[in-house]
Amino acid sequence: MTENNSGKGTLIALIGVVVALVGSIATYFVYTQQLPQYDKETGCLLVKGKPTPDHHLVFLLDLTDPLTQQQANAARVSLENYINEAPTNTLIELYALKADKSSFAEPLILQCKRRDGSDANALSENARKLKRQFEQKFFNPLVTQIEQAIGNKDESNYSPIIEAIQSIGYTGFGKHPVAGTKTLVIYSDMIQHMPAFSMFTTRLNYDGYKKLDYAQQHMADLPGVEVELNYFYNRPKFQKGRNVQFWQYLFHDAGATVTKTFNLGQ
């Protein structure tokens, strides 16, 4: 082979390498663009650049009274079970209920449940990395907030449960619409106690309550939400069927449905 032909052969080979490299880069770029993208702040799946959770799970933890050890343990296990069973890309919020209305103005936690690596693609994904991100960015911070909330020992003079429910309707479900299920899980004695309306001092049934200006001012909007009530059974005298019925009617008028009531004990 002449020197000229050898040079041409080298050039052709070099061009082939460049074309293959460009093709590989292009293929990788297209592939990575097709992979799911997630919001760095919330961990929610991005659709057209917007965080888009599939489901919505909201917890309201009543801390207006200190929890007994039994109640704290039961609430902790229940919360973690809900979280473990929630599908990936479920938006999870945790609110604390205290006498100060600012306590439930913003959630303690606002995170989508991330993938834990159990469904990782062995060829293109790092299962260990996904599991580490799940634990560090989602599960561990959530458990820490739950532990801190449950460890609260302060006792409040008031219990604005109705106000908290109304607020969550706006800042939670109203702010983050989803196509899938919407669930509100409440841990409380479910005894409303505010100056304008207290279940300790009035015997009004729900029909009587609805006639109050207070009821109109604090009507919640929770269309399509499934509600589960977990009772801290602190004051049995005020927590009989009449109490459950009151909340069933209130949530019905808000467009929601109470699907479960459970007694967490004293």
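The model is predicted, so local features need pLDDT of at least 70, side-chain atom pairs count only at pLDDT 80 or more, and totals for chains, interfaces and linings use all residues. Residues are numbered from 1 along each chain as its sequence is written, and side-chain values use heavy atoms, with hydrogens and water left out.

**The whole protein**

The protein has seven helices and 10 strands; these are DSSP runs numbered from the N terminus, with helices being H or I of at least four residues and strands E of at least two. Of its 266 residues, 42% count as buried. Buried here means under 20% relative accessible area, exposed means over 50%, and partly exposed is in between (1.4 Å probe, protein chains only). Take the contacts (heavy atoms within 4.5 Å) with a separation of 6 or more: 78% of them come from residues 24 or more positions apart.

| Helix | Residues | Length | Reach, first to last C-alpha | Expected span |
|---|---|---|---|---|
| α4 | 161-174 | 14 residues | 18 Å | 20 Å |
| α2 | 69-85 | 17 residues | 24 Å | 24 Å |

Helix α4 bends by about 35° at Ile168, going by the angle between axes fitted to the seven residues ending there and the seven starting there. It's largely enclosed by the rest of the structure, because 11 of the 14 residues of α4 are buried. Among them are Ile161, Ile162, Ile165, Ile168 and Phe173, along with Glu163 and Gln166. Leaving out residues up to four places away in sequence, Ser167 touches Phe104, Ala105 and Gly172.

Over in α2, the buried set includes Ala72, Ala75, Leu79, Tyr82 and Ile83, plus Arg76. The buried residues of α2 pack against β3, β4, α3, β6, β9 and β10.

**The cores**

A nonpolar core is a set of buried Ala, Val, Leu, Ile, Met, Phe, Trp, Tyr and Cys residues joined through side-chain atoms within 4.5 Å. The largest one has 36 residues, and Trp247 and Phe251 touch the most other members. Elements supplying at least two residues each include β3, β4, α4 and α7. The biggest giver is α4, with six residues. A second, separate core holds 27 residues, including Ala86, Leu142, Val185 and Phe232.

Back to Trp247: not counting residues up to four places away in sequence, its contacts include Ile161, Ile162 and Ile165, as well as Met190, Leu229, Tyr231 and Val258.

**Asn263**

Asn263 belongs to strand β10 (residues 257-263). With 41% relative accessibility, Asn263 counts as partly exposed. Beyond four places away in sequence, Asn263 touches Tyr231 and Tyr233. A polar atom of the Asn263 side chain lies 2.7 Å from the backbone nitrogen of Gly265. Asp189 is 74 residues from Asn263 in sequence, yet the two are 9.4 Å apart in space, C-alpha to C-alpha.

Terms used
The expected span of a helix is 1.5 Å times one less than its number of residues. A polar contact is a pair of N or O atoms within 3.5 Å; within protein, one must be able to donate a hydrogen and the other to accept it, and residues adjacent in sequence count only if both atoms are side-chain atoms.
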